[in-house]
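Here is a short tour of one protein structure. Look over the sequence and the fold before reading on.

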Amino acid sequence: MTENFNLSYIKASNLFLTIVFLLTSITIPTDVRGQYYGYPKPVPPQQESLLIEKLNNMAERNGKVDILLALANLYYNKPLRKESELRTAELYAERARRLSIQLNNKHGFNRAQIRLAEIYGDRHLLSEAEALLPTVSGKDRIDMLLTLSSKNFYEANDITDNYYRKSLKFAAEARDSSRTSKVKEKEIIARTLLTYFRYYGNYAGIEKDYLDVIKECRSANYPYLQYVYLPMFIYYRGNGDYAKVFELAQKSLELEKKLNDPLALADCYAALANFYHINKQPEKYIEYLKLSINAQKVHPSMFNDSPPKNVTLISRTLREMGRYNEALIYLQKSIKEFPASGSQNARYESELGRCYQKINVVKAEKHLLKAYKYLNSVHEAFRADHQEMAQFYIETKYYAKARPYLDRISNEVKQKLEISTRSQIEYMYFKVDSATGNYKSAITHLSRNKELENFYLTEKKNKDVQELSIKYETKKRKTKSKYLTKTPLWKWVDYKV
């Protein structure tokens, strides 16, 4: 939910709750959660010993299926999940599937197949996940369709590839099946997913579709409106309507507190962090990013605002404030607390390079190129990564080296970019062109930059945003939220087996 997002860079986590079940998020190859699509609420890690004891002592075999599924759920949804825990989740799901076949337990079999499809999707095995669809029947098929829709969306590198088209196809089929089966909660989830995915494809009528979904939620007494507000937040942010951005972030956090629901808490904090970033309040931005990190220790983010990702954003903000040594110390400490591998480790490397920029440019470039080459090799170098490299070379005055990275954004990135991002890129082109003597092009890019800036940085909009921020902070001080000061981050709802 932070500002560096695009279709692939936001790969991961859980989007929407159902009424009956309270839920079971850039790129993480071994930890891609996928948005929420109606699967059961997560089983808390504290239940592990009890579940294993019940599994060992229970004679009734259908009950064992339920416990095996609960253990698969628990390991799949562990905060800061490791690859070994994902493997454990798969083993429990496989056991549940085999036992369900023996007992002719169709519902247990369906749930095991859906969990396995999630795991295959997280491992980028989308063909294997999709092959399970014909085996699932009844209303459980809706959950499988939603699972496949979400996993395909987060596998897409841009809106032109087949994964993106499949994400829309499966979401539309889930919507239609929900209507036929009269499962209102799943219909709401499917419609919200479909609208959220279509936004990235530049579809028309996105705002109306969201407002229609909210109307449907209220008509059906569906309480979890924050799961619609958060993707709406992304829509309005992309269109530069920052008054609505703040309103939706605030409403989402208030609903999370009211419902004592931790499942999107990290994203609500991240949304407010993003608002303060837009509003140029770096200290508040850092404060809310840290709150988001703490919330992720309880449950993963829906939009993949993972601790490593937010750590790098905090470090970057400290750098932008001129606090390079503080940024480096915080980053090195956090790398030990939140170790990462694959793409997330590459992003750590990238940020280390930027921290070393004022200390040793050669060392900085080495870290940055190591990160970028890895991300490029696994097809996970996205808009923000191209932009980071270009920015480094502009700041270190190697202007000619910056151009290829800017050109990759212009030539390769197909999805819609936020207005603020487009403005930044135009200004970077201006810097490169003016430094390399291409003055005509430089003037054109500067003119475009000013046009975009004027769109969202008018005096009126800044005034509205400031007033909203003041009102929110005043209200927060008056209420002295019991949720934040007197109660644990989350009191888990007991899971009944």
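In helix H18, the buried residues are Arg383, Ala384, Asp385, His386, Gln387, Glu388, Met389, Ala390, Phe392, Tyr393 and Ile394. Buried means under 20% relative accessible area, exposed means over 50%, and partly exposed lies in between (1.4 Å probe, protein chains only). Helices (H or I, at least four residues) and strands (E, at least two) are DSSP runs, numbered from the N terminus.

This is a predicted model, in which local features need pLDDT of at least 70, side-chain atom pairs count only at pLDDT 80 or more, and totals for chains, interfaces and linings use all residues. Residues are numbered from 1 along each chain as its sequence is written, and side-chain values use heavy atoms, leaving out hydrogens and water.

**Helix H18**

H18 covers residues 383-395, 13 residues in total. Its first and last C-alpha atoms are 18 Å apart, close to the 18 Å expected at 1.5 Å a residue. The expected span of a helix is 1.5 Å times one less than its number of residues. Of the 13 residues of H18, 11 are buried, so the helix is largely enclosed by the rest of the structure.

What do the buried residues of H18 pack against? Their partners are helix H14 (307-320), helix H16 (342-355), helix H17 (361-377), helix H19 (399-412) and helix H20 (419-435). Contact here means heavy atoms within 4.5 Å. After H18 comes Lys397, with a positive phi near 70°.

**Helix H12**

H12 spans residues 265-278 and has 14 residues. It reaches 20 Å from first C-alpha to last, close to the 20 Å expected at 1.5 Å a residue. H12 is mostly covered, with 12 of its 14 residues buried. Among them are Leu265, Asp267, Tyr269, Asn274 and Phe275. Cys268 is also on the buried list of H12. Its relative accessible area is 0%. Lys280 follows H12, and its phi is positive, near 60°.

**The protein as a whole**

The protein has 23 helices and zero strands. It contains 497 residues, and 58% of them are buried. Its accessible surface comes to about 21000 Å². Carbon and sulfur atoms account for 53% of that surface. These areas come from the Shrake-Rupley method with a 1.4 Å probe; for residues, only the protein chains shown count as cover.

How many disulfides does a search of the whole structure find? The search finds zero. A disulfide is a pair of cysteine sulfur atoms within 2.5 Å. Cys217 is buried, with a relative accessible area of 0%.

**Asp140**

Asp140 lies in helix H6 (residues 140-155). Is Asp140 buried or exposed? It is buried, because its relative accessible area is 11%. The side chains of Asp140 and His107 are joined by a polar contact of 2.9 Å. A polar contact is a pair of N or O atoms within 3.5 Å; within protein, one must be able to donate a hydrogen and the other to accept it, and residues adjacent in sequence count only if both atoms are side-chain atoms. Leaving aside neighbours within four places in sequence, Asp140 is in contact with His107, Asn110, Arg111 and Ile114.

**Salt bridges**

Side chains of opposite charge can pair when their charged atoms come close. A search of the whole structure finds 38 salt bridges. A salt bridge is a side-chain nitrogen of Lys or Arg within 4 Å of a carboxyl oxygen of Asp or Glu. Three of these pairs are listed here.

| Pair | N to O distance |
|---|---|
| Glu90 and Arg123 | 2.5 Å |
| Arg141 and Glu173 | 3.3 Å |
| Glu187 and Lys184 | 3.2 Å |

Glu90 and Arg123 form a salt bridge. Glu90 lies in helix H3 (residues 83-103) and Arg123 in the loop between helix H4 (106-122) and helix H5 (126-130), so the pair ties together parts 33 residues apart in sequence. Glu90 is buried at 19% relative accessible area, whereas Arg123 is partly exposed at 23%.

Arg141 pairs with Glu173. Arg141 is in helix H6 and Glu173 in helix H7 (residues 162-181), so this bridge ties together parts 32 residues apart in sequence. Arg141 is partly exposed at 28%, and Glu173 is partly exposed at 27%.

Glu187 and Lys184 both lie in helix H8 (residues 184-200). They are three residues apart, about one turn of the helix. Glu187 is buried at 7%, while Lys184 is partly exposed at 29%. A network of salt bridges links Arg179, Lys184, Glu187, Arg191 and Glu216.
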